[in-house]
Amino acid sequence: MTFKELNLKDELLSAIEELGFEHPMPIQERTIPFMQEKTADLVALAQTGTGKTAAFGLPILNMLDAAEKQTQALILAPTRELCIQISNDLKNYSKYLKGTKVVAVYGGEDIRTQLKQLDTPPQIIVATPGRLIDLTKRGKVDLQNIHYLVLDESDEMLNMGFKEDIETILEQTPENRRTMLFSATMPKEISNIVHKFMKDYEEIIVGQKNSGAANVEHIYYLTPAKYRYLTLKRIVDLNPDIYGIVFCRTRQETKEVAEKLMQDSYNADALHGDLSQAQRDNVMQKFRIRNVQLLVATDVAARGLDVSDLTHVINYNLPDDPEVYTHRSGRTGRINKKGISISIIHSKEKHKIKELEKMLKKDFIQQQIPNGLEVCKKQLYHLINRMEHVEVNEEQIQPYLPQIMNQLEYLSKEEILKHFVSLEFNRFLDYYKDSEDLNEIHFQEDRNIRTKNEKYPKKAGKRIRLKLNMGEREGIDTRRFLGIFNEVVGDKSINIGSIEVTNKFTFFDVYADQIDKVMNAFALKPQMNVCEVKGNKQIFEEKYSKSNSYSKKKETYPNMNEGSQRKERKTNSEKPWRQSKTARY
Ligand code: AMP
């Protein structure tokens, strides 16, 4: 179908052609003819991203009488941002329709500017319910000639406590108006409004709830609740180019997580209801233009944010309402791009994942929280990639080159590379060298072992780090290692701690007085070789560089990602882990 077949005015067709709309989206195919040919009201189950603004905007603009200087259409939306977005869309569609005026009015902004805009009544008002009521009380808006009334994101308006305002407004508009109600979900309160205020109506369900949903991969990480933040950092570190929203449940949590990230020098900011409108605008703008890489936000505050090309959505906590999860994850994977929705959960929340899988009819993939080595590896290659593709400004660096060349003359290309990598990379290695396995299974197994051990005398003394000659390439992960260990050693009284699996090896700790049992048991397995490791650093040195003269130079603020101004350092947030690590023994 083409827009031409929808009987729209030439002025509208020209504008939408300029916007690059080639074919109507499914919701537009259904609502545009319906509004123009029928008389009933409309109830549409549709989410943002389905093209609903044009679905109600185009028929309204097509049917309005531009010569009549009265308000004929009213669009109610939950947030100021959505009002602005809708009114901008309508202005774009109507740019060639002479005499059509669209005004957006919303709370949180000086009312005097809006009063001025209403001096001549616009044909279309886009409003948040509270501010509209204020303006009607002041006699600045006349609802008597409303022919078309749109309730957009109705479920959100109700969530935000606008129920009574909406009812007041509906009561003030003429009975013979056409009402179009859009909502992503249909809770009971919406049905109540429909039954109370809409007589004859048709229901439309837009099959594909969100154009992006199909492209979204759903991943979850299992960790004890107290390691949520450390897990978040690992995830972010593993994705150096991340551009995403971290959803929190409460304002308090949002503030705390954002503050911690900022303290840890991540390029993050917070968006929540305690900020003033100006502060919120500022944060959103910084995020939109990608000056901020990670936005930590509550669901309500993020609602007005129209950013469509997020690489990741992170659920710092899973929401209670599965519909909220759909809203969140629908913010990534738009415009045919792949998106990733990550949830950080603990074992008691696993049933929520099952519910979501059922609802979305999609599998959620559990992934292992990356260990320090994996993060370091990823950051190293990212750094090299950035170096390879950096724009070299010959002219600007020319004056300094001769002296630099002179100074480094004695170093080979390989040595220069080693120095460069060490300069940037040692700090990351240093930060992650003692990093813990944050996967919940690790703590569960560990707890199990400890519980069983309670009947044994408490161990004291030195821990020895051992290395098994099997790692990821043999399919080992923490869980498999524990299985192998139990099978080979067969002695549940042995305390194993701090397991780290690398590509080739698995490192783990045991008490000095239990080491013989372990070594003797593994000695009977010809393919398995266990030996002692001298110092944790060996893990990293083995993997990366053995002769790194810079590794002794300790720097507190590693900065692997200058582009995003993100730095890494040891923080207080690591402390609970460190305490728990020693407490386990
Ligand atoms: P909405 O659901 O109204 O927020 O629209 C989602 C996005 O789709 C917006 O960026 C619109 O500009 C765009 N859009 C709406 N209708 C069409 C269409 N027929 N063809 C292409 N893009 C569209």
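Modeller: A patch joins residues with over 30% relative accessible area (Shrake-Rupley method, 1.4 Å probe, only the protein chains shown counting as cover for residues) and no salt bridge (a Lys or Arg side-chain nitrogen within 4 Å of an Asp or Glu carboxyl oxygen); like charges are joined within 9 Å, nonpolar side chains (Val, Leu, Ile, Met, Phe, Trp, Tyr) within 5 Å. This is a predicted model, where local features need pLDDT of at least 70, side-chain atom pairs count only at pLDDT 80 or more, and totals for chains, interfaces and linings use all residues. Residues are numbered from 1 along each chain as its sequence is written, and side-chain values use heavy atoms, leaving out hydrogens and water.

Colleague: Thanks! Which residues make the nonpolar surface patch?

Modeller: Val390, Val392, Ile397, Tyr400, Ile404, Leu408 and Ile416 make a patch of about 600 Å².

Colleague: Why does Val390 count as partly exposed?

Modeller: Its relative accessibility is 49%; buried means under 20%, exposed over 50%, and partly exposed lies in between, so Val390 is partly exposed.

Colleague: And why is Asn317 called buried?

Modeller: Asn317 has a relative accessible area of 7%, therefore it is buried.

Colleague: What does the side chain of Asn317 make a polar contact with?

Modeller: The Glu253 side chain, at 2.5 Å. A polar contact is an N or O pair within 3.5 Å; within protein, one atom must be able to donate a hydrogen and the other to accept it, and sequence neighbours count only through two side-chain atoms.

Colleague: Which polar atoms lie by the ligand's nitrogen and oxygen atoms?

Modeller: Among them, a Gln28 side-chain atom is 2.7 Å from a ligand nitrogen, and a Gly51 backbone atom is 2.8 Å from a ligand oxygen. Alone, the ligand exposes 500 Å², and the protein buries 70% of that.

Notes:
Buried < 20%, exposed > 50% of the residue type's maximum accessible area, 1.4 Å probe, protein only.
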